Amino acid sequence: MLTEQKLRLSQAFEAAARALAEASGDPAAIETASRVRATLERPKQAGHGDLACSLALQVAKPLKRNPREVAQALVDAVLASEAGSLVESAEIAGPGFVNLRIAAPAKREVVARVFAAREAFGRQADGSGRKVVVEFVSANPTGPLHVGHGRQGALGDAIAALLEATGWQVQREFYYNDAGAQIGNLALSVQARARGIAPDDERFPKDGYRGEYIADIARAYMAGETVSALRVEPVTGARDPDDLDAIRAFAVASLRHEQDLDLQAFGVRFDVYYLESSLYTEGRVAAAVEGLTAAGRTYELDGALWLRSTEYGDDKDRVMRKSDGTFTYFVPDVAYHVTKWRRGFAKAINVQGSDHHGTIARVRAGLQGLGIGIPQGFPDYVLHKMVTVMRGGEEVKISKRAGSYVTLRDLIEWSGGIAADGSPPEGLGREDALRRGRDAVRFFLISRKADSEFVFDVDLALSRSDENPVYYVQYAHARICSVLAQWAAGEPGSDPAVLEGVDLSPLSGPREFALMARLAEYPDVLKAAADDLAPHALAFWLKDLAAEFHGYYNAERFLVDDAPLRSARLALLLATRQVLRNGLALIGVSAPERM
């Protein structure tokens, strides 16, 4: 049932309860009726109707009346109200539950709503234009993106899209950790390869990076090549193996470019790339430390500067500045989140690996300790667990490109059936193969709760069967396109637009009503998924919608001789196709017309 239809019924039940309470004159009954809400839910057993309401059980005691009597009084009042037209029948069950059967015209109304809103169906204005920044991926520019970054990319982009669909003004942000020891190790690694020192040589940096990509960067640097990445100036290799600063700049630009290609292949874009190094050059880290010190939230011990983070719920105080004068890694995070707050974001969401769990309390403690009005619980975190990649029945742990982990681009190419030599599957162009791989990776990586470990089965991603969830959903869309194409071929000049105004009264079968009921859930699904930062809920629902359609497709014919019935069924298919497209678009997955 559509959200607004449920709201009308809920309000009618609540108004009826208030009227009963006021008629009783009992203050306790009036107070109870003024605050209770009528919740309408699907009964556990389909035979009990479309919706169930337990409001009578909540107000019967203060009314000092039998719950079943109260339930009947509520039903009588609701049926007599304007909302009564939505109800076909109502019955009292058990101790006082009300089971409702929704009128057929009310069930069919969803089709017209889909046609009226099209791509906007399901979208809402809950966010009221408030600003939210979603930070995700945020990889160190020290290597290609790995599958964990892929999970962040899929989750973060879907969360951002869900928030946009519910009225938030969203900014997608990538935080580049381009400062610190890891960047130093990157530069030393490239320098070693530029000098001809291999990873297995004892002279190679102990904490260096050993992937083949390091050798590629070193060769490009020594050849004087120019590299460029999004929103940064091009950098040309200086060809000097002794110029560590030049090597560092070239290596970072090279890997930012590599990550740009990864993100492009994944279909993920960002509005802002924020550099950690800028927090130091602009004095923001120093300002955060000074602010905490001035607020009395720090103290000196053993030559180090400590944050009194236990005052804000942390299990122990944390070192901010070590005895050697360097800052611990959470300090620039505090400074960075101050910039988010001062840039006007009412809400900030970080999508990160579960290994960042320990930083949550200390970052929030630092923000609270500054006393600048940042609310408790800022920022929000969505932490995801590891991804295990299986291929050919075996776990894959490394790739030639990275040397120590499976890259995101590897996963996209494998899932698209692209061979080791770069050739696509027979009968499929490379771009189509990459799209297929991207669709599978994005759908799979949001199809489980973020805090659950995920096994990515490449063989399943390649499967063209109902067991492959993304194929199953996309196939529903393609099947509808096929039926509509057959209709258009059989009736030259037919335009799907004519279906938007047809009489839907011939739709009266249980599978048709079930499919319409599923379509009507979509706005509520979007809202819940956005509120809970849980895009997996949308993936689950899309599979349920596809299952509802496939069951209908297998049970009924659409291009029947009865013209009114044919038009009504095609209209239902057209609405279903639109909602499938809408939902897939939000999670970054295509809706192919042929499979």
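A salt bridge is taken here as a side-chain nitrogen of Lys or Arg within 4 Å of a carboxyl oxygen of Asp or Glu. The model shown is predicted, and by this rule 38 salt bridges are counted in it.

**Figure 1. Salt bridge between Arg 219 and Asp 216 within helix H8.** The side chains of Arg 219 and Asp 216 pair at 2.3 Å, N to O. Both residues belong to helix H8 (residues 212-222), where they are three residues apart, about one turn of the helix. Arg 219 is partly exposed at 48% relative accessibility, and Asp 216 is likewise partly exposed, with a relative accessible area of 40%.

**Figure 2. Salt bridge between Lys 6 and Asp 524.** An N to O distance of 3.5 Å separates the paired side chains of Lys 6 and Asp 524. Lys 6 is part of helix H1 (residues 3-24) and Asp 524 of helix H18 (residues 510-531), so the contact ties together parts that are 518 residues apart in sequence. Lys 6 is partly exposed, at 23% relative accessible area; Asp 524 is also partly exposed, at 28%.

**Figure 3. Salt bridge between Asp 50 and Lys 107.** The side chains of Asp 50 and Lys 107 meet at 3.3 Å, N to O. This pair links distant parts of the chain, 57 residues apart: Asp 50 sits in the loop between strand S1 (40-41) and strand S2 (51-53), and Lys 107 in helix H5 (residues 104-117). Asp 50 has a relative accessible area of 25% and is partly exposed, as is Lys 107 at 22%.

**Figure 4. A network of salt bridges.** Two arginines, Arg 42 and Arg 518, are linked with Glu 521 and Glu 548 in this network.

Conventions. Residues are numbered from 1 along each chain as its sequence is written. This is a predicted model: local features need pLDDT of at least 70, side-chain atom pairs count only at pLDDT 80 or more; totals for chains, interfaces and linings use all residues. Side-chain values use heavy atoms; hydrogens and water are left out. Helices (H or I, at least four residues) and strands (E, at least two) are DSSP runs, numbered from the N terminus. Buried means under 20% relative accessible area, exposed over 50%, partly exposed in between (1.4 Å probe, protein chains only).
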